[in-house]
Amino acid sequence: MSISIRIDDALYETAKVRAKAEMRSIPQQVAYWAKVGRAALDNPDLPIEFVRDTLLAMEEESEPFELPDA
């Protein structure tokens, strides 16, 4: 679903620069910032770097960890 919203020109330009650096589209960058912001507000006791790194780790594909037979 796609919805148009109005944002400040300065925010748009900042998102444009960061989106290019992080290989995202501008809407993806704004959505990412919203996700990080929401997680940070939901967890005010956690450092923002921890919130950001946790969200990034959750997006990464990984192999399941298997314990060796004992």
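Guide: Arg 18 is partly exposed, with a relative accessible area of 40%; the term covers values between buried, under 20%, and exposed, over 50%, computed with a 1.4 Å probe on protein chains only. The model is predicted, so local features need pLDDT of at least 70 and side-chain atom pairs count only at pLDDT 80 or more, whereas totals for chains, interfaces and linings use all residues. Residues are numbered from 1 along each chain as its sequence is written, and side-chain values use heavy atoms, with hydrogens and water left out.

The side chain of Arg 18 meets that of Glu 22 in a salt bridge, at 2.8 Å from N to O. A salt bridge here is a side-chain nitrogen of Lys or Arg within 4 Å of a carboxyl oxygen of Asp or Glu. Glu 22 is likewise partly exposed, its relative accessible area being 28%. Glu 22 also forms a salt bridge with Arg 24, where the closest N and O atoms are 2.2 Å apart. Arg 24 in turn lies over the face of Tyr 32, at 3.9 Å from the ring centre; this requires NZ of Lys or CZ of Arg within 6 Å of the ring centre and within 35 degrees of the ring normal.

Elsewhere, Arg 52 and Asp 53 are joined by a salt bridge of 3.2 Å, N to O. Both are partly exposed, Asp 53 at 40% relative accessible area and Arg 52 at 35%. Through shared partners, salt bridges link Arg 18, Glu 22 and Arg 24 into one network. The count for the model comes to four salt bridges.
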